[in-house]
Each structure stands twice: as C-alpha cells, then as structure tokens.
Amino acid sequence: MKHKHSGSEKDIPHQSDNKVEDEKSFHVRDIDLYLHDVEGIGPTTTKKLKEAGITSVIDLAVASIDQLAVDINCSKDSAALFIMAAQKLLRESNVLEKEFVTADFVLEKRNSMLRCSTGSKSLDELLLGGIETQAVTEFYGEFGSGKSQICHTLCAMASRPLSEKGLDGGVIYIDTEGTFRPERLQEIATSRGFVPLEVLKNTVVCKVYNSSHLELIIKDLGGYLNKFKAKLVVIDSIISLHRAEFSGRGTLADRQQRLNSILHKLVRVAEIFNVAIVITNQVLSSPDTFFGDPTKAAGGNVIGHTSTYRIYLRKSGENRIAKMIDSPYHPYSDTRFTVNEKGIDDLEDSTNRAKELEGGSD
Ligand SMILES: Nc1ncnc2c1ncn2[C@@H]1O[C@H](COP(=O)(O)OP(=O)(O)O)[C@@H](O)[C@H]1O
Ligand SMILES: [Mg+2]
C-alpha cells in the first residue's frame, strides 16, 4: 500500500485524551486518506476519477464496476481492481469495519445495552424492561399527556445503580420549553426514598432558546456526555423550537432537513456512547386531529423513521395510556399509568387496571 502522504504533517493525528477530539481527528484522517493512496492509482487516474465525480476513497469503494469502466474509460478488469483496492485501503484504515460488522460483534454490542426503569412497572413492561441505551426513545402526545413527567421521573431513576434498574450515571436535560422544574424532581426523588440533593446534583439542565442553539448543543453532545459522565440525555421537546422558527410553508423542507440531521446525530451518539436518549414530541391537538391520524407526531416522518422506539401517550380521565407505535421488536401493545408525587407511577390497584384495560376502548 502506498502512502504518498507519509511524513507530511497532515498525516499526524492530533493526540488527545478526549474522545470527541479523537473522533474528529479520525474524520480528519479519513479526509486525508484519499484517491492517490489507493494501490494502482496515480495522478492521471485520480484526475479522471475526480472528473467523473468520484472524489473520495469511499466513493470509489462503492462504485459499480460497469459504470466506473465507462466513466474513466478503462477495462472492467481495471475498474474492478481499483474498487477492490479502495475497499482494501478502507479496511486497513479501519473505516470499513466501522460500517460493516459481523453479527457476533453486533450481538456483543447489544449485550452491553442497559435499561433504565421509567418508574412505572407497567410502562417498563411495555418497553420490555425500561428505556434502552444505544437507542433514541420518543414519547409523543398532546399537551398534558405526561411527556415531561416521564422525563422528570427518568432523571431520578437514571441516577440509581444498575441493581435498582437505574443507569448509574448522570443526566443531561435539554429543556426547550422551559418546563423543567427542579422542585418537581426533588419531590419525585423524596417520594421514592432517594436522596433529593444527590438526584438534583446528578442532573445537568440546559435551557435552550433557539433552534441553532439546540443544533450546537447536539453537535457537541459527545463532549458533554464525557464531561458529565451522563448515561441519559433528555430533550424535552425536540421540535418546539424548529416548529416555531420554521413555520412558513417554504421553510418546511429546510426544517425537516435540519431535524433529520439532529436525529441522525442522536442515533449515532446513543450507539457510540452507549447512552439512552429520550426525546419528546408534540402531536397537534384537535381540531387538527379531525383531519388526520391523531397519533401522528409533529415533525412528520422525519422523526418517526429515525427514533428507535416511539411511544404515543394520551390522557384517559385521571390516567394516561401509553402505546408502543414503532419498534423493531416490541409487540404492538398499550398500558396505563398515572402521574402522582412519585412522578409517573403504576395505577394503585392492578384489578382496576385489568378492568380498565378490558373496557379500555376510549
Ligand atoms: N405532582 C403532581 N401530582 C399529580 N399530577 C401531576 C403532578 N405534576 C404534574 N401532574 C400532572 O401532569 C400533567 C402535566 O404533564 P406533562 O408531563 O407536563 O405534560 P406534557 O405532555 O405536556 O409534557 C398535569 O396536567 C398534571 O395532571
Ligand atoms: Mg412538557
């Protein structure tokens, strides 16, 4: 393998003990790893490739043999050799392994996944044990359906040790609606017999005022996770700022694109850092619901297709109903819970619960 850059300053990755810096320098290295580093590719071929729109080793590695042969006017055999050489270089540089891994590695990674109790046994059951790390869980529902109450309760629960179904880690609470209440967190912690000050100190709150600020915080989330040793990130809510700022029809595509990039970043961060990410989302309340699917969250398909799990919440008298909407493996099901001094909680009487579920067609 040729390394024409060898010895140049560009090739030296920045040394840092900070994970985020390492991630950045990794990407910098990617960018420096380019076409003429691929075995068999000299300046003439590089020029032809660039003219054909193939500007990086990754572009070349995923090119089709037939198309490449036409594009750079070479034989199919040569095209195949170039593509394979590009793939080999990516593998040797640990780029391909990051994209393609064997199933046993995936299983090992899944096994390091942790679950955090929501504070309600019935909601935990719906989630098959609680909210997961390496995943983005979205709670959506109308105003007052209990989204922020779930978030507050999770702050208390995540501080608990693993043996108590917590995450034994810090919480980053990103508040875009100004609805975080430390007094409420204190009440929840006290009612559950936790030391309130410990829980409060374990939660860092970031109040966000506009969508650019939110985007900036999410961009640097990896660094904050390290800094605060956080295992849970709450974003309550993910869409309100973007919704308020990008309200005209003309700006809708822009808004969706920006939300899309936020969400993809969140999914990657959840996986790489083995943390749980919880986002909330509003549904348009009636009369909008008259004209469409009442379980449709704001933000449209962008959020729905990116979140790993989506739970729809609605009020039912004094209680709340949670419904699993989208999940790779949870059965489609629903459950009931209530809101009280402990945050979210199970219904007092499980017989009542069974009865309600029987007649629960509301
Ligand atoms: N200490 C409490 N005890 C009982 N219910 C509460 C308490 N605090 C909040 N609630 C209930 O939670 C509701 C608000 O839920 P919230 O999670 O803020 O809604 P949203 O889905 O809009 O975020 C209130 O309407 C109230 O019914
Ligand atoms: Mg709320």
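# Briefing on a predicted protein–ligand model

Leu90 lies in helix α5, which spans residues 76–92. The model is predicted, and its protein chain comes to 17 helices and 11 strands. Of the 362 residues in the protein chain, buried residues make up 36%, and among the contacts with a separation of 6 or more, 66% are between residues 24 or more positions apart.

- Leu90 has 23 C-beta neighbours inside 10 Å, and because the threshold for a buried residue is 20 or more, Leu90 counts as buried.
- Although Leu90 and Val38 are 52 residues apart in sequence, their C-alpha atoms are 9.3 Å apart in space.

**Nonpolar cores**

- The largest nonpolar core has 61 residues, and those with the most contacts inside it are Leu154, Cys155, Leu232, Val234 and Val278.
- Helix α9, made of residues 147–158, gives the most to this core, contributing seven residues.
- In soluble globular proteins, nonpolar side chains tend to be buried together.
- Leaving aside residues up to four places away in sequence, Val234 touches Cys151, Leu154 and Cys155, and also Val171, Tyr173, Ile174 and Val278.

**The nine-stranded sheet**

- Nine strands form an open sheet with mixed pairing, and their order is β5-β4-β6-β7-β3-β8-β9-β10-β11.
- Strands β5 (203–207) and β11 (343–345) stand at the edges, and because each has a single partner strand, one side of each is left without a neighbour in the sheet.
- From one strand to the next, the twist averages 25°.
- Seven of the seven residues of strand β6 (residues 230–236) are buried, so this strand is largely enclosed by the rest of the structure.
- On one pairing of β6, six bridges join it to strand β4 (residues 170–175), the two strands running parallel, and Asp175 stands opposite Asp236 in β6.
- Strand β6 also pairs with β7 in the parallel sense, over four bridges, and here Leu232 stands opposite Ala276 in β7.
- Strand β3 (residues 135–141) runs parallel to strand β8 (residues 309–316) and is joined to it by five bridges, with Tyr309 in β8 as the bridge partner of Thr137.
- Helix α15 (residues 252–273) lies across β3 and β7 (276–282), and the helix runs at about 130° to β3.

**The shell around ligand 1**

- The residues around ligand 1 are Gly141, Phe143, Gly144, Ser145, Gly146, Lys147, Ser148, Gln149, Val339, Asn340 and Glu341.
- The elements that give two or more residues to this shell are helix α9 and strand β10 (334–340), and α9 gives the most, with three residues.
- By residue class, the shell around ligand 1 divides into two nonpolar, seven polar and two charged residues.

**Backbone details in the loops**

- A cis peptide bond, with omega about 0°, joins Asp236 and Ser237; Ser237 is found in the loop between β6 and α14 (240–245), whereas Asp236 is the residue of β6 that stands opposite Asp175.
- Asp168, which is not a glycine, has a positive phi of about 55°, and its place is in the loop between α9 and β4.
- With 15 C-beta neighbours inside 10 Å, Asp168 counts as partly exposed.
- Lys229 is another residue other than glycine with a positive phi, in this case near 50°, and Lys229 has its place in the loop between α13 (221–228) and β6.
- Because Lys229 has 10 C-beta neighbours inside 10 Å, and a residue with 12 or fewer is exposed, Lys229 counts as exposed.

Conventions:
Residues are numbered from 1 along each chain as its sequence is written. Chains are lettered from A and ligands numbered from 1 in the order in which they are written. This is a predicted model: local features need pLDDT of at least 70, side-chain atom pairs count only at pLDDT 80 or more; totals for chains, interfaces and linings use all residues. A nonpolar core is a set of buried Ala, Val, Leu, Ile, Met, Phe, Trp, Tyr and Cys residues joined through C-beta atoms within 7 Å. Two residues are in contact if their C-beta atoms, placed from the backbone, lie within 7 Å. Two strands pair if DSSP finds at least two bridges between them. Axes are lines fitted to C-alpha atoms, for helices over the stretch in contact, and angles run from 0 to 180 degrees between N-to-C directions. A residue is near a molecule or strand if its C-beta atom, placed from the backbone, lies within 6 Å of it. Ala, Val, Leu, Ile, Met, Phe, Trp, Tyr, Cys and Pro count as nonpolar, Asp, Glu, Lys and Arg as charged, and the others, Gly among them, as polar.
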